[in-house]
Amino acid sequence: GSNFKNIHLTNSCTSALEISALLMNLKKGDEVIVPSFSFVTTGSSFARTGCKLRYCDIEKKNLMPNFNQIKRCVNKNTKAIVILHYQGYSVDYLDKLKLYCKRNKIFLVEDSAQGFGSYFKNKPLGSFGDFACFSFHETKNLHSGVGGMLVINNKKFITKSHFVFDK
């Protein structure tokens, strides 16, 4: 089981992504790195805050960026990196990316729309980032017709998240 401790149910993965952007307090001048291949809301959810998106090239073999490509996109304005678990598969450096983000004070967001029930090194996808966003759309592996979930792994955002959800 996943045993996620701090979750909020949403109407979609898009809403979960948008709320994570709000909780991080992104603003103009901040940058968020996103994979160049994904559903449009992987980027637009963050762009709504006025921050700049920095698209990271992907590898032909797995349609995801490699670790060095992500590091090349990072600069002093980078506030978050969004990593996509494409069709339930994670990148093979997820643990290294988590450590890199922590060392560089960059938030890690897992777009795990299709990742529910998938694992990386025996840990569930959605347990690595500061935030993880899931979809329960009818086309996903766990579905409710429409629906989503925001997982908050960074304890500093738990209280703030209740202000968003408990209104």
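**Group meeting: rings and a pocket**

Buried here means under 20% relative accessible area, exposed is over 50%, and partly exposed is in between, using a 1.4 Å probe and protein chains only.

A quick word on the model. It's a predicted one, where local features need pLDDT of at least 70 and side-chain atom pairs count only at pLDDT 80 or more, while totals for chains, interfaces and linings use all residues. Residues are numbered from 1 along each chain as its sequence is written, and side-chain values use heavy atoms, with hydrogens and water left out.

Now, the overall picture. The protein chain has 5 helices and 9 strands, which are DSSP runs numbered from the N terminus (helices: H or I, at least four residues; strands: E, at least two). Going from the N terminus, the order is β-α-β-α-β-α-β-α-β-β-β-β-β-α. Buried residues account for 51% of the 167 in the chain.

Back to the rings. There are 8 aromatic pairs in the structure. To pair, rings of Phe, Tyr and Trp (its six-membered ring) need centres within 6.5 Å; planes under 30 degrees apart are stacked, over 60 edge-to-face, and the rest tilted.

So who does Tyr-100 pair with? With Phe-67: the ring centres are 5.7 Å apart and the planes sit at 85 degrees, so this pair is edge-to-face. Phe-67 is in helix α3 (residues 67-73) and Tyr-100 in helix α4, so the pair ties together parts 33 residues apart in sequence. Phe-67 counts as buried too, at 16% relative accessibility.

Next up, Phe-120 and Phe-128: another edge-to-face pair, 5.7 Å centre to centre with 75 degrees between the planes. Both are buried. There's also a cluster, with Phe-4, Phe-116, Phe-134 and Phe-136 linked by ring pairs.

Phe-128 turns up again at the second largest pocket, where it's among the residues nearest the centre, along with Lys-98, Lys-102, Asp-130 and Asn-154. By pocket I mean, on a 1 Å grid over the protein atoms alone, an open set of points where a 1.4 Å probe fits, with protein on both sides within 12 Å along at least five of seven lines; lining residues have an atom within 4 Å of a point.

How many residues line this pocket? There are 13. Helix α4 (94-103) and strand β5 (107-111) each supply at least two, and α4 gives the most, with 3 residues.
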